[in-house]
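Please read the following walk through a protein structure with the model open beside the text.

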There are 2 protein chains.
Amino acid sequence: MLGTMMDVPLLLSSILRHAEAYHGDGEVVSATVEGGLHRYTYAEMAQRSRKLANALARLGLKTGDRVGTLAWNGYRHLELYYGVSGSGFVCHTINPRLFREQIAYIIAHGGDSVLFFDLTFLPIVEELAEQLKGLKAVVAMTDEAHMPKSAALPGLLCYESLIAGEPDSFDWPSFDENTASGLCYTSGTTGDPKGVLYSNRSCVLHAMAIAMPDGLGLSANDAICPIVPMFHVNAWGLPFAAPMTGAKLVLPGAHLDGASLHALFEGEGVSITAGVPTVWLGLLDWMDTHAREFSILKRVVIGGSAVPPIMVSRFHSKGVEVRQAWGMTETSPVGLAAALKPKHQAFPAEQRLALECKQGRPLFGMEFRVAGAEGREMPHDGKSFGSMLVRGPWVAQAYFNTATSPAHEEHPGWFDTGDVVTMDAEGFIQIVDRTKDVVKSGGEWISSIDLENIAQAHPAIQEAAIVARPDTRWGERPVLVVVLKPGASFTRQDMRAHYEGKTSKWCVPDDVIVLDELPHTATGKLSKKTIREILQEQMAGRAPDPEIGS
Amino acid sequence: MLGTMMDVPLLLSSILRHAEAYHGDGEVVSATVEGGLHRYTYAEMAQRSRKLANALARLGLKTGDRVGTLAWNGYRHLELYYGVSGSGFVCHTINPRLFREQIAYIIAHGGDSVLFFDLTFLPIVEELAEQLKGLKAVVAMTDEAHMPKSAALPGLLCYESLIAGEPDSFDWPSFDENTASGLCYTSGTTGDPKGVLYSNRSCVLHAMAIAMPDGLGLSANDAICPIVPMFHVNAWGLPFAAPMTGAKLVLPGAHLDGASLHALFEGEGVSITAGVPTVWLGLLDWMDTHAREFSILKRVVIGGSAVPPIMVSRFHSKGVEVRQAWGMTETSPVGLAAALKPKHQAFPAEQRLALECKQGRPLFGMEFRVAGAEGREMPHDGKSFGSMLVRGPWVAQAYFNTATSPAHEEHPGWFDTGDVVTMDAEGFIQIVDRTKDVVKSGGEWISSIDLENIAQAHPAIQEAAIVARPDTRWGERPVLVVVLKPGASFTRQDMRAHYEGKTSKWCVPDDVIVLDELPHTATGKLSKKTIREILQEQMAGRAPDPEIGS
């Protein structure tokens, strides 16, 4: 028996309608590509989004058509978020930092009908001009005064001219809340980028969940500045959650250096911001150099990679709370947030800091499993570890136009995040390794990250990696691969002595291999895959290198 | 095109699973009917809910079957909320304060299969014994030691014995999130009570919305004490929102007097509470008499009827924030909450207080229309008024097993709340009258409440009511009906002089009628319907009463 409640779908257009009706004079401030700050209200934003929707309809787009964007965090990008998705089209945000080939692949695989771009990215678009010829339109997100002359893009349209003549009335259509609203590609270390096709439902639920006090905690009293780009998993959902709550939204544009961010935060009274550690390092360093403080900022949300404890302490010393959050493109993204509980207030500072540096505890709606060998659930003791599986209304169940996906298929009903984690009794999850990097020795798992951290502390070692070597008896055994500091030496005996007492005996690597350099991926991460290949070659063809300790 | 996100339904059982997995040692403290405080954790609550689910299955209940409850706010009632709804049955909370005939009607109309009741309500259940003979079970919510001997209820079961032998494992079924989860009857001033059949989806979304900072603002750092009864619109959703956020839940049982509440709040560290003005009046008066303060309480949510400004000030003086909220049984209930915006902080205290005394601004998800004559939307200027219509995922679209409902039919897609309201540019809504009491004069609406408030301020008047009198020229005209203070007199001239300058000329009542007493409904409200009938009799049959001024 069904309830007798109204069948009102969760649509992104309802966020826009809410903001316009009840927070009409709420501000949206954007640092523009053309220079200077642009400032308007949610009412004006809604009005221009409707003009855009009329323009898109005139271009002949049909429900489900993809509209690509190559753009910074700014008001026109925001209008695209709502104008495109509210119309029943798909806003396909493209990461301009990817390799050209990947961008070309993504536009083709996504099947974009129209492409909008910020002037910054004109060179990319010009390079792709040949590929874009079949599109209904390519639009520069600027006004006529700033329109570039581009021989490569003869039919290039101007955003302001495109919407200028359109009526500002538009009835946002109502449709199934599972209708696709956004598309974002994730580029792993291997294989082609894979697309996650968000729905109106998933985005609305995710925005509600992050707005909750123990999510990111967002209200009409906040001024929210997402530093995380709108081309990266919907800027963690903040462009949806801010108008949903009536918060002021501050969009930083292209300049994410410490000086620019500090000026923007202070000038616009930003109370909450969100981004990756690298950005905060730049900001904190700049502030220290220039002896600046925050006068309004109260909370910084950090995600994307693990937060160094020292960064948390540096923010604390400036009176700012750190809320670590964890997520992936496949999880919309936020699944965990490290909001402390009352009992933690009584903890010693060091223990509290350790908790704040964990990835966090589950938002309501997100269910996590720590799956050990054979998929059995591991104890939530903060020590036992296993693969982190997740399910929930804002988790992808498949990739866009991709037939198979091991991450979705291995554990039916769950998405395998590819991380190895522990969970404590309070639900706090900590990533200890990537699944593909963990060493599976005799049915037990050894965290490569733990062993690398120990190695890294040795004075002779400049860079260290732990990789698994096949072993007939144990299945796999850890091997340490290092680059030494100039003039240093490091033997197998040194290794054993160094690990002694720092980890269980059976976790100590079997061997150490010294290389001149370690291979890295395009994004600067260690490529363990390549290291394993190097190792395999060494094992297969050659006697132990004389440099390897004995 | 649909998104590729997981199809994970929003179920009440997922709240329970979330609380158990990530807030397992979160506390639930209940003041019991048997005496003393009962204390356990969400993990134990979840375990006992599963035992209950097994017991319900053993009783032979089928999906959609209704399980009645006559109970206070306590842990067994909480287990019923989850055990019943989580199983796909319907938790039918019955208001024990209604007339016996209404309770009998509600149990019959709801079609309850099982009835659970707190010992307090044994007399009601015994009186209804004949009617309950066909039920699968009648269960006293207590243990064997406290089981009553009841000749009228020979097969009476004991809650603790019912669940004692059951296994504590139970896989909560997954089903359509629109599946009915709860049933609550609203008793208007006229006609039979009408049932609202909530769904898992509506309850989960409502809980997420009230947890948001500008809803009621709930987090794991709170201890939440709903004074509003669990038999009244799910205690405003707090039994769902508290475990969803991991907050401690404090359930006050039967004793809602000032002394009991103050002791409970202080003893259990309650940070947020919620209830109707009457309860707070009792608490504040008791505290003043006994010179007590709050040491932890930070926010009180007030709803059910308009909050007197003096009550807000009294809470402020004790360091407690007042969050007025508006809702109805038909709206789950919360639709509005009066959370101020940043700009309001700069307002003079009096103006801020006036805002806090409005019913509030819409939660995200709830859409409001102020519909004037012919249903057209009125300006959001804080002055123009019209009927308050609402729609959203937690609004009823019909009543349970009721063929027609004018409130749902007059404006298709909307529910007519029966209130006449203004809305300002910030979305703050204020109730100015009930639709049926407003006087429609010459196409304009006159608020009966405004005119009554003016009359009430006259020293001769003890009680005042404004009712509409049919008028051939204007449609309707207001007439003042009063009870005078002993020995006082009040003529038509007095009336005109008194209203002069206090309202527009055309709003001044045409006439005043003095009665010995005014008729009231069973719940103590003025019965304007009866007053109108009295007026009609007077108009029809008799010459003007000599007491009526001339």
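A:Asn95 counts as buried, because its relative accessibility is 19% and the cut-off for buried is under 20%. The model is a predicted one. A:Asn95 sits in the loop of chain A between β4 (90-93) and α4 (100-110). A polar atom of the A:Asn95 side chain lies 2.8 Å from the backbone nitrogen of A:Arg97. Leaving out residues up to four places away in sequence, A:Asn95 touches A:Leu70, A:Ile103 and A:Phe231.

Another buried residue of chain A is A:Trp414, with a relative accessibility of 10%. A:Trp414 is also a loop residue, placed between α13 (406-409) and β19 of chain A. Which residues does A:Trp414 contact, leaving aside its neighbours within four places in sequence? In chain A they include A:Glu367, A:Phe368, A:Arg369, A:Leu389 and A:His408, and from chain B there is B:Met6.

The area buried between chain A and chain B is about 5900 Å², and carbon and sulfur atoms give 60% of it. Between the two chains there are 29 residue pairs in polar contact.

Side chains of opposite charge can pair when their charged atoms come close. Between chain A and chain B the count is 6 salt bridges. A:Lys343 forms a salt bridge with B:Asp25, with 2.3 Å between the closest N and O atoms.

Chain A can also be divided within itself. Its domain assignment gives domain 1 (12-323), domain 2 (365-435) and domain 3 (439-539). The centres of domain 2 and domain 3 of chain A, taken over C-alpha atoms, are 26 Å apart. Their contact takes 9 residues from domain 2 and 6 residues from domain 3. The area buried between these two domains of chain A is about 610 Å², of which carbon and sulfur atoms give 57%. On the domain 2 side, A:Phe385, A:Val432 and A:Asp433 supply 66% of the area buried against domain 3, more than any other three residues. How many salt bridges does the rule find across the interface of domain 2 and domain 3 of chain A? The number is 0. There are 3 residue pairs in polar contact between the two domains. The elements giving two or more residues to the domain 2 side are β18 and β20 (429-434) of chain A, and β18(A) gives the most, with 3 residues.

Over all chains, the count is 71 salt bridges. One of them joins the side chains of A:Arg532 and A:Asp437, at 3.7 Å from N to O. A:Arg532 lies in helix α16 (residues 528-541) and A:Asp437 in the loop between β20 and β21 (439-441), so the pair ties together parts of chain A that are 95 residues apart in sequence. A:Arg532 is partly exposed at 26% relative accessibility, whereas A:Asp437 is buried at 10%.

Chain B has a salt bridge between the side chains of B:Asp288 and B:Arg314, at 2.8 Å from N to O. This pair ties together parts 26 residues apart in sequence, because B:Asp288 lies in helix α11 (residues 277-289) and B:Arg314 in helix α12 (residues 309-317) of chain B. B:Asp288 is partly exposed, with a relative accessible area of 44%, while B:Arg314 is buried at 18% relative accessibility.

Finally, consider a buried residue in a helix of chain B. B:Glu268 lies in α10 (residues 258-268) and counts as buried at 7% relative accessibility. Not counting residues up to four places away in sequence, B:Glu268 touches B:Val29, B:Leu37, B:Arg39, B:Ala223, B:Lys248 and B:Val250.

How values were computed. Residues numbered from 1 in each chain as written. Chains lettered and ligands numbered in written order. Predicted model: local features only at pLDDT ≥ 70, side-chain atom pairs only at ≥ 80, totals over all residues. Heavy atoms only, no water. Buried area = accessible area lost by both parts, 1.4 Å probe. Salt bridge = Lys/Arg side-chain N within 4 Å of Asp/Glu carboxyl O. Polar contact = N/O pair within 3.5 Å; in protein donor to acceptor, adjacent residues only side chain to side chain. Helix = DSSP H or I, 4+ residues; strand = E, 2+ residues; numbered from the N terminus. Buried < 20%, exposed > 50% of the residue type's maximum accessible area, 1.4 Å probe, protein only. Contact = heavy atoms within 4.5 Å. Domains from an automatic or database assignment.
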